[in-house]
Amino acid sequence: MNNYGLNLWGDSNFVIENGKVCINHGSKPAIIDIVKGIRDEGYRGPMLLRFPHLIQKQIEQIYSNFKSAIKEFSYKGSFNAVYPLKVNQYPGFVKNLVKHGKKYGYGLEAGSKAELLLVMAYNNEGAPITVNGFKDKEMINIGFIAAEMGHNITLTIEGLNELEAIIAIAKERFKPKPNIGLRIRLHSSGSGIWAKSGGINSKFGLTATELIEAVNLLKDANLLDCFNMIHFHIGSQITEIHPLKKALIEAGNIYAELRKMGAKNLKAINLGGGLAIEYSQFKENSSRNYTLSEYANDVVYLLKTIANQKNELEPDIFIESGRFVAASHAVLVAPVLELFSQDYTEEKLALKKKNPQLITELVDLLNTIKASNAMEYLHDSMDHMESILTLFDLGYVDLVDRSNAEILTHLIIKKAVKMLGTKQNNPELLKLQEEVQERYLINFSLFQSLPDFWGLKQNFPVMPLHRLDVRPTRSASLWDITCDSDGEIGFDDEFNPLFLHDIDVEKEEYFLGFFMVGAYQEVLGMKHNLFTHPTEATIEIDESGYKVAHLLESQSILDIMEDLDYDIYEIQDTLNERIEKSKLVTDTQKKQILGEMYLFLNDNGYLKTIS
């Protein structure tokens with residue numbers, strides 16, 4: 001049985017039972033059963049399933065591991081966490097996050113005016129708020145209002161111009177004032193494709209010279225008491241622990257030096273985000289070389305050591321790990337619409353009384369193939385196909401011969417692959433599988449639902465949700481339904497050797513699950529071809545079963561047109577007018593067409609069926 005690397009990326013969140021992927025919680029419902037239940041209500045197209053218990057699990061893991069580390073090292077500072085809203089701002093996620101984080105005092109982080117207003121509306125009472133990113137006077141004013149509302153808010157300064165604006169606004173507004181944090185630009189940076197967000201040449205933060213100037217500005221404005229936090233970020237998805245240790249040492253020493261300069265209310269170090277999760281599916285080992293426990297222990301131990309060496313207060317610890325909290329909670333489910341070799345059946349053969357010799361040989365290969373010669377016959381059939389194509393271009397064989405060759409070659413490939421199995425430890429067979437891969441047309445938009453794959457080649461675990469008690473034999477390339485050739489997740493014998501089942505979608509439905517998609521994918525998703533956010537459902541599970549706690553249908557075509565600032569009433573009126581003016585149909589037919597047009601405009605744009 002192929003478990004699709006579930007032991008590597010699954011974190012015990014999912015199990016395979018009776019050939020189905022099940023949620024490893026409560027009554028352990030099968031994802032496919034949940035999906036079919038929703039589809040029975042008439043919903044079609046891709047679906048995004050949210051599992052709030054997985055949000056709760058990640059929050060609990062963060063707090064419990066830091067609590068253990070603080071206890072082990074007798075650490076005198078406190079631990080705090082905030083969730084960066086940019087990772088996923090959808091209410092189906094955020095409202096559950098706030099609910100499950102309440103007992104921990106789990107806070108929120110904003111990076112824009114709109115995010116800050118959302119944070120002020122939804123943040124748990126008393127929980128910390130941090131504000132990062134570039135700010136204008138209006139955004140800083142909103143931060144002051146948050147403090148005046150009673151929020152525990154820290155405005156993190158990215159540049160001296162922001163600090164000057166805070167000083168000016170502080171003279172005009174009421175008490176209390178927001179806390180002030182300074183983002184420090186470290187020489188240390190992370191690793192991987194997101195490492196450029198850290199380091200001395202990063203987009204954000206103050207240099208050592210600017211830090212000294214900032215402290216002097218705060219002293220002169222009598223606002224030094226508001227300065228309570230330094231913040232750094234060395235990159236998202238930090239896969240190695242060593243860069244973090246190096247950054248902690250650098251930040252810890254800066255913290256001590258700033259306190260010696262008179263910043264006695266500076267009591268916190270914010271590590272930013274970067275706590276990695278596991279996306280790898282086809283590796284032997286995890287791409288992350290540390291555990292959450294090791295991460296927490298290293299942070300606490302190093303900051304304690306530096307503070308003690310410098311004879312300074314052990315700082316409160318803040319982290320902003322959004323990806324770790326959000327990624328695992330959401331699963332994208334999409335049905336397979338078509339296999340592109342599905343029409344290559346023996347019934348479609350149109351053999352002549354006298355066929356070209358190469359066709360006769362292909363028929364013989366098909367009838368005599370067995371496990372012992374499968375690899376050889378596979379090679380022979382592909383060579384024969386190439387020869388037929390050459391003869392066709394030269395005019396020596398006709399279109400019927402070419403069709404017969406295509407059908408016979410695909411039938412031989414199917415038989416050979418079935419006999420040989422996947423054998424992922426066989427480099428030659430894997431290389432060959434890349435050449436004979438099957439194309440699966442999936443009812444989703446890669447640009448909408450997996451933009452990080454398109455933009456960064458970030459792989460996400462993908463597997464069928466059922467038939468897992470049957471060996472998959474087809475090397476699979478996944479095509480989305482956009483009219484863009486980049487909308488493909490290709491079979492790669494080294495990095496993405498995905499095998500799926502050889503099915504007939506006209507006889508049975510076949511669903512794929514794309515996992516770990518809860519971080520960034522929704523908010524970065526683009527409306528390419530005007531495909532929009534899939535229908536989403538929040539699934540709550542207990543020992544007695546599950547319930548669909550919230551279901552939000554995908555936007556209609558009119559809705560998404562309106563999002564792009566089209567006048568939807570103008571569109572409807574113009575279409576109706578042109579239908580009415582048509583001289584090609586009768587008045588009765590026009591009424592039918594008008595009704596059909598209304599239904600199409602008010603439905604979502606995903607495909608229903610292609611058969």
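Trainee: Before we dig in, how are residues numbered, and which pLDDT does the model need for local features?

Mentor: Residues count from 1 along each chain as its sequence is written, and side-chain values use heavy atoms, with hydrogens and water left out. This is a predicted model, where totals for chains, interfaces and linings use all residues, side-chain atom pairs count only at pLDDT 80 or more, and local features need pLDDT of at least 70.

Trainee: Okay, how many helices and strands does the chain have?

Mentor: Helices (H or I, at least four residues) and strands (E, at least two) are DSSP runs, numbered from the N terminus. The C-alpha trace spans about 100 × 65 × 55 Å along its principal axes. Going by those runs, the chain has 21 helices and 20 strands.

Trainee: Which strands make up the closed barrel?

Mentor: Two strands pair if DSSP finds at least two bridges between them. The barrel has eight strands with parallel pairing, and they run E4-E5-E6-E7-E8-E9-E10-E11.

Trainee: Is Leu266 buried or exposed?

Mentor: Leu266 sits in the loop between helix H9 (241-260) and strand E10 (268-270). Buried means under 20% relative accessible area, exposed over 50%, and partly exposed in between (1.4 Å probe, protein chains only). Leu266 has a relative accessible area of 0%, so Leu266 is buried.

Trainee: What about Cys22, buried or exposed?

Mentor: Cys226, with a relative accessible area of 15%, is buried. Cys22 has 5% relative accessibility, so Cys22 also counts as buried.

Trainee: How many disulfides does the structure hold?

Mentor: A disulfide is a pair of cysteine sulfur atoms within 2.5 Å. By that cut-off, the number of disulfides in the structure is zero.

Trainee: Last one: which elements give two or more residues to the lining of the largest cavity?

Mentor: On a 1 Å grid over the protein atoms alone, a cavity is a set of points where a 1.4 Å probe fits but cannot get out, and lining residues have an atom within 4 Å of a point. The lining of the largest cavity includes Gln448, Ser449, Gln521 and Glu522. The elements giving two or more residues are helix H16 (446-449) and helix H18 (521-524).

Conventions
On a 1 Å grid over the protein atoms alone, a cavity is a set of points where a 1.4 Å probe fits but cannot get out, and a pocket is an open set with protein on both sides within 12 Å along at least five of seven lines; lining residues have an atom within 4 Å of a point.
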